[in-house]
Amino acid sequence: IFMNCYSYVYGNHKYRRYAALITILLGTGMRIGEALGLTWNDIDFKNNCISVDHSLSYKSGEHDGCKYHVSSTKTKAGIRTIPMFQDVRTTLQNEKRKQKRLGKSDFTVDGYTDFIFLNSAGKVFTPSFIFDAIQNIVSDYNRDEIVLSKKEEREPCFLPKISAHIFRHTFCTRLCENEPNLKIIQEVMGHKNIRTTMNVYSEATEKAKQTSFENLEGKIKLK
């Protein structure tokens, strides 16, 4: 399902500008505010890791309307480094080259500058804007899928409701399916409580167990 979404975004001129951000969300498990708050100072290509120690939000103040804010991570456990998969590294390198070609933005929030995920105005995307963009991607994909499935004479394969948090949960689930060390998973995800990690791990391993037995059906003879 997510590969369909991923391919659709990269292949659609309308939505391609969100492709880098979606790659980072799916490839790191960061919260949306953490991802949008990333600056180039947080990317260590030499040691192949991303430093996470702050989060960006866009909310109203008491007297001055909606403004960007940068704050510390949700919890102390949120301060962490995340190793980069090759796809994540390549995506960020491409994004850096693109920004260099377009010119540096002077957009600054609470002393932070050199943000990675910028809109056409040179400002960081807001979390609510990305939420709406993802909903539009799903809606357009499903509309196009109706036409394509009829043309190919098959049942349509629709995308479910997706959010940035779903991308985070998906990354965590895939990590749990392939990494037995719960402490590593907890640190990468920035979970304050190991129970949160264990809940996702239990869910992932239960699904893996069911799939394993389905694949073993008929291969283990009982009589």
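A residue is called buried when its relative accessible area is under 20%, exposed when that area is over 50%, and partly exposed in between, using a 1.4 Å probe and protein chains only.

## About the model

What you see is a predicted model, in which local features need pLDDT of at least 70, side-chain atom pairs count only at pLDDT 80 or more, and totals for chains, interfaces and linings use all residues. Residues are numbered from 1 along each chain as its sequence is written, and side-chain values use heavy atoms, leaving out hydrogens and water.

## The overall layout

The protein contains eight helices and five strands. Helices here are DSSP runs of H or I with at least four residues, strands are runs of E with at least two, and both are numbered from the N terminus. Reading from that end, the order is α-α-α-β-β-β-β-β-α-α-α-α-α.

The C-alpha trace spans about 75 × 45 × 40 Å along its principal axes. Of the 223 residues, 40% are buried. A contact means heavy atoms within 4.5 Å; among contacts with a separation of 6 or more, 57% join residues 24 or more positions apart.

## A covered helix

How many residues of helix α2 are buried? Helix α2 covers residues 19-28, and ten of its ten residues are buried. They are A19, A20, L21, I22, T23, I24, L25, L26, G27 and T28. Just after α2 comes G29, with a positive phi of about 75°.

T91 sits in helix α4. Because its relative accessibility is 11%, T91 counts as buried. Leaving aside residues up to four places away in sequence, T91 touches Y10, A20, T23 and I24. A polar atom of the T91 side chain also lies 2.7 Å from the backbone oxygen of D87.

R97 belongs to helix α4 as well, which runs over residues 86-102. With a relative accessibility of 52%, R97 counts as exposed. Its side chain makes a polar contact of 2.4 Å with the side chain of N94. A polar contact is a pair of N or O atoms within 3.5 Å; within protein, one must be able to donate a hydrogen and the other to accept it, and residues adjacent in sequence count only if both atoms are side-chain atoms.

## Helix α6 and its partners

Helix α6 (residues 164-178) packs against helix α8 (residues 194-216) at an angle of about 70°, with the axes 9 Å apart. That makes α6 roughly perpendicular to α8; angles of 65 to 115 degrees count as roughly perpendicular, under 35 as roughly parallel, over 145 as roughly antiparallel, and the rest as oblique. On the α6 side, H169, C172, T173, C176 and E177 make the contact, and on the α8 side T197, V200, Y201, E203 and A204 do. By class, this contact has five nonpolar, three polar and two charged residues.

Helix α7 (residues 182-189) is another partner: its axis comes within 10 Å of that of α6, and the two cross at roughly 160°. So α6 is roughly antiparallel to α7. Here R168, F171, C172, L175 and C176 of α6 meet I185, V188 and M189 of α7.

How values were computed: Axes are lines fitted to C-alpha atoms, for helices over the stretch in contact, and angles run from 0 to 180 degrees between N-to-C directions. Ala, Val, Leu, Ile, Met, Phe, Trp, Tyr, Cys and Pro count as nonpolar, Asp, Glu, Lys and Arg as charged, and the others, Gly among them, as polar.
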